[in-house]
Amino acid sequence: MLKGFKEFIMRGNLVELAVAFIMATAFALVVTSFVNVILSLITLLTGDSFNFNTWKPGGIPLGAFITALISFLVIALVVYFFVVVPYNRLQARRARGEEPAPPSEEVTLLTEIRDLLASPNRHI
């Protein structure tokens, strides 16, 4: 029972997902602080100590919505320019054939032999 649990936990995609979640959490903190900088700049431009979160014209909490909207737009911009655009450029380079050549048959065979020798379930 514990062996199955260990195999489940150590699956590559689960570990990769955990790493991605941790990185996303850290990235969210960076983006949140960047949004705070943007909001501070807007406050400087308006000349008031304007806080979107407390702005409630007519008792309707529009400020919190504006803050969430600005945060969403900044996150979308950062993700687009720092993730989507580089990924699309990489895919375009691969489509043009600028990716490295695949390994030779000898290298592939040696890699398979190395992997078989390293596997814990090998039968000799």
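Student: Which residues make the nonpolar surface patch of about 860 Å²?
Tutor: That patch is built from Phe-27, Val-30, Ile-75, Leu-77, Val-79, Tyr-80, Phe-81, Phe-82 and Val-83. Patch residues have over 30% relative accessible area and no salt bridge, with like charges joined within 9 Å and nonpolar side chains (Val, Leu, Ile, Met, Phe, Trp, Tyr) within 5 Å. A salt bridge here is a side-chain nitrogen of Lys or Arg within 4 Å of a carboxyl oxygen of Asp or Glu. Areas are Shrake-Rupley values with a 1.4 Å probe, and for residues only the protein chains shown count as cover.

Student: What should I know about the model before going on?
Tutor: This is a predicted model, where local features need pLDDT of at least 70 and side-chain atom pairs count only at pLDDT 80 or more, while totals for chains, interfaces and linings use all residues. Residues are numbered from 1 along each chain as its sequence is written, and side-chain values use heavy atoms, with hydrogens and water left out.

Student: Switching topic: what makes up the largest nonpolar core?
Tutor: Seven residues: Val-31, Val-35, Leu-39, Phe-52, Ile-70, Val-74 and Val-78. Helix 2 and helix 3 are the elements that give two or more residues to this core. A nonpolar core is a set of buried Ala, Val, Leu, Ile, Met, Phe, Trp, Tyr and Cys residues joined through side-chain atoms within 4.5 Å.

Student: And how much of the chain counts as buried?
Tutor: 9% of the 124 residues. Buried means under 20% relative accessible area, exposed over 50%, and partly exposed in between (1.4 Å probe, protein chains only).

Student: What does Ile-70 contact, leaving aside neighbours within four places in sequence?
Tutor: Ile-38, Leu-39, Ile-42 and Phe-52. Contact means heavy atoms within 4.5 Å.

Student: Is Thr-67 buried or exposed?
Tutor: Buried, at 14% relative accessible area. Thr-67 sits in helix 3 and, with neighbours within four places left out, contacts Leu-39, Phe-52 and Asn-53.

Student: How many aromatic pairs does the structure hold?
Tutor: One. The ring centres of Tyr-80 and Phe-81 are 5.0 Å apart and the planes are at 80 degrees, so the pair is edge-to-face. Rings of Phe, Tyr and Trp (its six-membered ring) pair if their centres lie within 6.5 Å; planes under 30 degrees apart count as stacked, over 60 as edge-to-face and the rest as tilted. Tyr-80 is partly exposed, at 42% relative accessibility.

Student: Last one: how many salt bridges turn up in a search of the whole structure?
Tutor: One. Asp-115 pairs with Arg-114, and their closest N and O atoms are 2.9 Å apart. Arg-114 is exposed at 51% relative accessible area, while Asp-115 is partly exposed at 42%.

Terms used:
Helix = DSSP H or I, 4+ residues; strand = E, 2+ residues; numbered from the N terminus.
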